[in-house]
Amino acid sequence: MTLAHQTAESAARALGIACFAVALAQPLARLLAHTHGRRRALAWALLLAPLLTPALLVSYAYSHLALRLMSVPGGIAALYAAALALKLTPVAAVIAHFVPPALSAEAAHCHALLAGARWRRWVFRLRGAGRTPWIAGGIVFLLAFTDFELASLWSLKTWTVALFDAQAGGLALRESLRLAALPLAVEVAALAFVLRVPALSASPAGPGRAPGIIARRALAGYLCVAALLACGLPLLRVSAQAVAGVPVIAKNFVLANELGASLVFAAAASVCAWLLPAVVRGRVVRAALLAAPGLLGAMLLALFILTAFQLPPLRAAYDTPLPLLLALTLLLLPLAVPLRWLLDSARRSPALHLARLAGAREVIWLLDTRRRWLAVFLLFCWAWFDFTAASLLAPVGLTPVFARLHNLAHYGQTAVLSAMLLAASAVPLLVLPLSWLAAKIHREESSVRPKRAAR
């Protein structure tokens with residue numbers, strides 16, 4: 001199969017996944033908008049679990065199933081499409097939750113009372129949905145089309161895997177870029193639908209009518225099944241395998257350098273990606289252009305950066321942390337830009353304004369600082385689990401941990417490798433309380449300083 005056929009197959013699969021995600025996005029957004037209390041937190045956790053589960057963990061846990069499906073025609077392709085659909089549907093649901101629709105629930109109800117044929121109602125609702133389905137579908141298409149992580153360990157011949165194998169096998173960089181011309185054209189065409197992103201609102205606008213009892217149960221069932229298949233079962237399987245390997249890595253832990261490199265790269269990239277959107281605050285077109293390179297995917301972005309740092313002006317920084325730091329920062333910007341806009345919009349709320357006037361630091365922490373800390377932590381996790389850009393751009397002696405584990409996973413599953421993968425996946429869970437403690441100490445110290453100054 002040629003690269004052109006692989007590109008066409010990936011595009012068709014990504015289009016199907018995008019349609020599936022868009023079809024579920026609005027119902028899931030309405031479920032989130034009309035769920036309150038602890039159930040709302042649980043619904044958000046179930047929704048985001050497939051998206052935040054490391055791709056390497058999923059591909060590693062289901063590699064035995066992928067091996068069995070090799071003898072079934074189209075079996076691995078079906079498994080791959082299902083895994084991508086479960087992982088990327090939350091992206092479309094989150095966009096539908098935060099991007100305001102052009103049609104209110106009241107207007108849709110009035111038109112339903114006046115419209116005649118059913119097809120007229122569907123056309124009116126489609127037009128009333130505005131740009132939200134196109135934005136969600138375009139971003140999901142790009143993420144599915146550029147995926148490399150899930151396909152790699154399952155030996156599925158996608159264009160990303162073929163391009164990576166060619167580059168790793170010694171193909172000249174110029175030839176790799178020539179092979180990437182067709183996938184790049186597809187991505188540029190998809191970006192044309194995404195670049196004109198409207199400003200996001202701080203809260204959902206027009207969530208629509210609450211789902212009925214049957215629809216609510218069906219959507220809740222989908223969230224539970226998706227979280228179980230894409231997060232729960234992989235964690236259980238890898239944890240069960242890791243039990244026998246824990247004593248071995250406890251005596252001889254060989255990933256200390258890789259963990260340190262990942263920690264430095266993820267922390268630096270998340271801070272850079274969080275600070276950059278402030279430069280284009282309020283400018284939609286510039287913000288869209290800032291986030292666009294990250295939507296090209298880690299594979300093409302890494303190849304372009306690799307090419308740029310082999311040119312004479314940047315050649316001195318080729319084998320330094322700068323190329324990988326730049327790649328990770330650009331990959332985080334499509335997530336950092338909307339997060340920064342949402343939180344900046346929320347800062348204009350009356351409650352937060354009154355808290356600042358009163359100097360209520362605890363309230364400010366709850367309404368603003370805590371959210372920003374969690375947003376930066378989310379960016380940290382996104383950078384921590386990357387291994388595509390790290391595999392191509394990591395300098396000698398600073399290989400991130402997931403790039404190392406990805407290479408080891410090709411040799412099969414062992415208890416020691418499962419334990420190392422589980423330990424690497426759990427590091428963000430350790431960073432979370434430590435960073436929270438640091439933020440709390442900083443908040444307490446900053447609240448003591450004004451009192452000392454007043455004395």
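Student: Are Phe145 and Trp159 buried or exposed?
Tutor: Both Phe145 and Trp159 are buried, where buried means under 20% relative accessible area, exposed means over 50% and partly exposed is in between, using a 1.4 Å probe and protein chains only. Keep in mind that this is a predicted model, where local features need pLDDT of at least 70, side-chain atom pairs count only at pLDDT 80 or more, and totals for chains, interfaces and linings use all residues. Residues are numbered from 1 along each chain as its sequence is written, and side-chain values use heavy atoms, with hydrogens and water left out.

Student: OK. How many aromatic pairs turn up in the whole structure?
Tutor: Seven, from a search of the whole structure. The rule is that rings of Phe, Tyr and Trp (its six-membered ring) pair if their centres lie within 6.5 Å; planes under 30 degrees apart are stacked, over 60 edge-to-face, and the rest tilted.

Student: And what sort of pair do Phe145 and Trp159 form?
Tutor: A tilted one, with 5.3 Å centre to centre and 35 degrees between the planes. Phe145 sits in helix α8 (residues 132–145) and Trp159 in helix α10 (residues 159–168), so the pair ties together parts that are 14 residues apart in sequence. The helices here are DSSP runs of H or I with at least four residues, strands are runs of E with at least two, and numbering goes from the N terminus.

Student: Which residues make up the aromatic cluster with Phe145 and Trp159?
Tutor: Phe141, Phe145 and Trp159 form one aromatic cluster.

Student: What about Phe377 and Phe380, what kind of pair is that?
Tutor: Stacked: 6.4 Å centre to centre and 20 degrees between the planes. Both Phe377 and Phe380 are in helix α20 (residues 361–384), three residues apart, about one turn of the helix.

Student: Why do Phe377 and Phe380 count as buried?
Tutor: Phe377 counts as buried because its relative accessible area is 14%. Phe380 is buried because its relative accessibility is 6%.

Student: Back to α10. What does Gln167 touch?
Tutor: Gln167 is in helix α10. Skipping neighbours within four places in sequence, Gln167 contacts Leu173, Ser176, Leu303, Leu306 and Leu392, with contact meaning heavy atoms within 4.5 Å. Gln167 is also buried, at 16% relative accessibility.

Student: Where is Ser155, and what is its phi?
Tutor: Ser155 is in the loop between α9 (149–153) and α10. Its phi is positive, about 55 degrees, although Ser155 is not a glycine.

Student: Switching to α1. Is Arg13 buried or exposed?
Tutor: Buried, at 13% relative accessibility. Arg13 is in helix α1 (residues 3–33). Leaving out neighbours within four places in sequence, Arg13 is in contact with Tyr80, Ala81, Leu156 and Thr158.

Student: How about Ala8, buried or partly exposed?
Tutor: Ala8, in helix α1, is partly exposed with a relative accessible area of 46%. Its C-alpha is 9.5 Å from that of Leu182, 174 residues away along the chain.

Student: How do α2 and α5 pack?
Tutor: Helix α2 (residues 38–52) and helix α5 (residues 75–98) pack at an angle of about 130 degrees, their axes 6 Å apart. Axes are lines fitted to C-alpha atoms, for helices over the stretch in contact, and angles run from 0 to 180 degrees between N-to-C directions. That makes α2 and α5 oblique to each other: under 35 degrees is roughly parallel, over 145 roughly antiparallel, 65 to 115 roughly perpendicular, and the rest oblique.

Student: Which residues of α2 and α5 meet?
Tutor: From α2 there are Arg40, Trp44, Leu47, Leu48, Pro50 and Leu51, and they meet Leu86, Lys87, Pro90, Val91, Ala93, Val94, His97 and Phe98 in α5.

Student: Last one: how many helices and strands does the chain have?
Tutor: There are 23 helices and zero strands. Buried residues make up 45% of the 455 residues in the chain.
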